[in-house]
Amino acid sequence: MSRSALVIGGNRGIGRATAVCLADRGDRVAATYRTGDCPEGTLPVRCDVTSGADVERAVKEAAAAHGPVEVLVVNAGVTRDRLLFSMTEEDFEATLRTNLTGAFLAAKHAARGMIRNRFGRIVFVSSVVALSGEAGQTNYAASKAGLIGMARSLAREFGGRGITVNVVAPGVTDTDMVAVLTEEQQQKLLGRVPVGRMAQPGEVAAAIEFLTRDDSGYITGADLPVDGGMGMGH
Ligand code: NDP
């Protein structure tokens with residue numbers, strides 16, 4: 001069945017691959033962007049997830065074009081890595097605002113239509129570091145761990161209404177976010193990955209797509225690692 005899907009942060013990396021994957025299976029996909037462009041065959045919607053008004057408008061634009069949002073993927077994320085004593089309050093709060101508050105806003109605005117239609121699939125893109133932690137990522141890891149608590153709370157809230165809420169936790173994935181690391185930093189990270197390589201964005205997208213299928217309705221509150229064994233299932 002063709003669903004109305006909205007990918008928040010659908011212009012680059014994992015989000016772009018997810019928008020393509022959902023469009024390929026026949027969904028009507030709206031993808032948000034601040035910079036660049038969105039994949040062909042998707043509806044581009046400008047949205048800064050730190051703005052509640054932007055998120056509300058993005059959900060409305062997607063619904064006006066494709067019908068009420070049935071599949072919501074919240075992928076937008078940023079890093080501002082610093083060791084604790086160099087990390088400012090601004091570094092901490094800006095990261096939480098994008099990665100966690102943004103997901104709260106997106107879920108809140110998209111869920112209304114899902115409740116009315118008694119069907120919904122929500123996926124938050126977290127990270128392997130949510131549960132393992134990482135030096136220099138106090139802000140990022142806290143935001144990504146927050147997504148798990150939020151997903152599980154919403155999974156309980158919406159459980160009886162045909163809406164599932166899950167988390168995908170990527171490990172080291174070949175996108176702009178990792179490209180900014182030095183070769184030495186990348187090799188150090190890969191040394192902790194049993195599979196011995198980075199994930200391709202499409203491999204993370206495939207896990208997200210799986211959780212949004214009609215017949216994945218009995219999976220909710222899950223935290224699905226796509227990390228080459230880096231977190232060993234936690
Ligand atoms: P990229 O840096 O390639 O993409 C980040 C995405 O987030 C872009 O679409 C970007 O849009 C969007 N975004 C950032 N800030 C905002 C904002 N304020 N409002 C709207 N959109 C925003 O990273 P990845 O594809 O690697 O990351 C995707 C997700 O996966 C993130 O949540 C990240 O934390 C997570 N992740 C990535 C890992 C990796 O190794 N790559 C590992 C674990 C988790 P724009 O271009 O407009 O800035």
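I call a residue buried under 20% relative accessible area, exposed over 50%, and partly exposed in between, with a 1.4 Å probe and protein chains only.

**Entry: ground rules.** I am reading a predicted model, where local features need pLDDT of at least 70, side-chain atom pairs count only at pLDDT 80 or more, and totals for chains, interfaces and linings use all residues. I number residues from 1 along each chain as its sequence is written, and side-chain values use heavy atoms, with hydrogens and water left out.

**Entry: Asn99.** Is Asn99 buried or exposed? I find Asn99 at 2% relative accessibility, so it counts as buried. Asn99 belongs to helix α3, residues 89-117. I take helices as DSSP runs of H or I with at least four residues, and strands as runs of E with at least two, numbered from the N terminus. Which side chain does Asn99 meet in a polar contact? The side chain of Ser143 is its partner, at 3.2 Å. I count a polar contact as a pair of N or O atoms within 3.5 Å; within protein, one must be able to donate a hydrogen and the other to accept it, and residues adjacent in sequence count only if both atoms are side-chain atoms.

**Entry: the ligand.** I looked up the shell of 29 residues around the ligand; Asn11, Arg34, Thr35, Tyr140 and Thr175 come nearest. A residue is near if one of its heavy atoms lies within 4 Å of the molecule. I sorted the shell into eleven nonpolar, 13 polar and five charged residues. Helices α1 (13-24), α5 (138-158) and α6 (176-179) each give at least two shell residues. Which element gives the largest share? That is α6, with three residues.

Next I checked atom pairs. A ligand nitrogen is 3.0 Å from a side-chain N or O atom of Asp48. A backbone N or O atom of Thr173 is 2.8 Å from an oxygen atom of the ligand. Taken alone, the ligand exposes 880 Å², and the protein buries 96% of that; I note that areas come from the Shrake-Rupley method with a 1.4 Å probe.

**Entry: backbone angles.** Most residues other than glycine have a negative phi. I noted Arg118, not a glycine, with a positive phi near 55°. Arg118 is in the loop between α3 and β5 (120-125). Met232, also not a glycine, has a positive phi of about 50°. I place Met232 in the segment after β7 (223-226). Met232 counts as exposed because its relative accessibility is 64%.

Terms used. Ala, Val, Leu, Ile, Met, Phe, Trp, Tyr, Cys and Pro count as nonpolar, Asp, Glu, Lys and Arg as charged, and the others, Gly among them, as polar.
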